[in-house]
Amino acid sequence: MREWGGFLLALLAALGLWYSLRERAPVVERVVSVPLRVVGLEGEWLAEGVPKEVLLRLRGPAHLVEGTPPVSAYLDLSGVEGPFAREVRVAVPQGVEVREVRPARVEGRVEAILTRTLPVEVLSQGAWVRLEPALVQARGPRSQVEEAVAAVGLDLGGESVALSALGPRGPLPGVELFPKAVRILARETPLFRKEVPLVLKPPAGLRVLEYTPRSVEVVGPREALEALEGVEASPQGGFRPGEVAGPFRLALPPGVRTLGPVSGRVRLALE
């Protein structure tokens with residue numbers, strides 16, 4: 001019993017000393033940044049306008065306030081749908097005083113989450129880009145997802161291009177894309193379209209009375225099309241007196257092609 005009595009006296013003395021030191025601990029004041037959690041939302045709902053962090057000015061014993069204090073901040077949006085204005089709530093240990101919360105009040109909007117498919121558009125200077133996939137999934141607040149028109153990226157020459165959701169008024173940061181990037185399969189010289197006259201040059205002794213078509217639509221690099229004033233054509237079966245109908249052979253410069261086979265009709269006569 002004497003041993004137990006001594007032990008209890010020692011324990012009480014230690015506790016008294018600890019409490020005395022605790023009460024005499026220096027009181028400090030500092031500002032900390034803590035994440036702002038949203039609670040009370042269930043299912044496919046999302047809060048817009050909520051900051052990721054809030055600043056807290058705390059005052060209390062140094063051992064509770066310095067370092068990483070055990071404090072938390074949250075926004076209770078239970079039962080909210082549409083616009084809201086709510087006070088930020090803070091949980092701190094006993095003995096710690098919250099002197100200031102910034103922002104102390106948050107205004108925003110609770111919206112349903114919507115998912116839809118968006119086409120991908122990659123902007124590339126001087127090249128036509130083949131990519132994969134051509135469609136991505138957009139997910140976010142209904143108002144922003146409904147406004148989105150495309151998932152747009154800028155080709156910087158790498159193997160992939162990061163995407164952002166874009167609407168008529170600009171980027172939509174609240175919309176997430178899945179996947180967030182597309183893979184570049186190939187970069188090709190962009191092709192342009194131009195309609196040019198067909199020119200028939202029969203051999204000596206024959207002259208052209210009439211022919212159709214009078215022009216043809218071709219595609220190719222910009223430089224090649226700018227220099228192209230006409231395309232020489234001849235019947236696949238050759239020139240001969242009378243009427244010749246069927247496919248035409250075309251003398252096209254390198255890199256230029258037609259959109260499909262060209263057939264026509266030509267009437268020739270002897271000179």
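This is a predicted model: local features need pLDDT of at least 70, side-chain atom pairs count only at pLDDT 80 or more; totals for chains, interfaces and linings use all residues.
View 1. Glu100 is partly exposed, with a relative accessibility of 30%. Glu100 forms a salt bridge with Arg57. Their closest N and O atoms are 3.3 Å apart. Glu100 sits in strand E7 and Arg57 in strand E3, so this pair ties together parts 43 residues apart in sequence.

**View 2. Arg57 and Glu29.** Arg57 also meets Glu29 in a salt bridge, at 3.7 Å from N to O. Arg57 belongs to strand E3 (residues 53-61) and Glu29 to strand E1 (residues 27-39), so the contact links parts 28 residues apart in sequence. Both side chains belong to partly exposed residues: Arg57 has a relative accessible area of 28%, and Glu29 has 40%.

View 3. A salt bridge joins Arg99 to Glu97, with the closest N and O atoms 3.5 Å apart. Arg99 is partly exposed at 44%. Glu97 is partly exposed at 39%. A network of salt bridges links Glu29, Arg57, Glu97, Arg99, Glu100 and Arg102. The model's salt bridges number 16.

**View 4. The open sheet.** Here 5 strands line up in the order E6-E4-E1-E3-E7, with mixed pairing. Strands E6 (89-91) and E7 (97-102) are at the edges; each has a single partner strand, so one side of each lacks a neighbour in the sheet. From one strand to the next, the twist averages 30°.

**View 5. The E4 and E6 pair.** Strand E4 (residues 72-76) and E6 run antiparallel, joined by 3 bridges. Ser72 stands opposite Ala91 in E6.

Conventions:
Residues are numbered from 1 along each chain as its sequence is written. Side-chain values use heavy atoms; hydrogens and water are left out. Two strands pair if DSSP finds at least two bridges between them. Helices (H or I, at least four residues) and strands (E, at least two) are DSSP runs, numbered from the N terminus. Axes are lines fitted to C-alpha atoms, for helices over the stretch in contact, and angles run from 0 to 180 degrees between N-to-C directions. A salt bridge is a side-chain nitrogen of Lys or Arg within 4 Å of a carboxyl oxygen of Asp or Glu. Buried means under 20% relative accessible area, exposed over 50%, partly exposed in between (1.4 Å probe, protein chains only).
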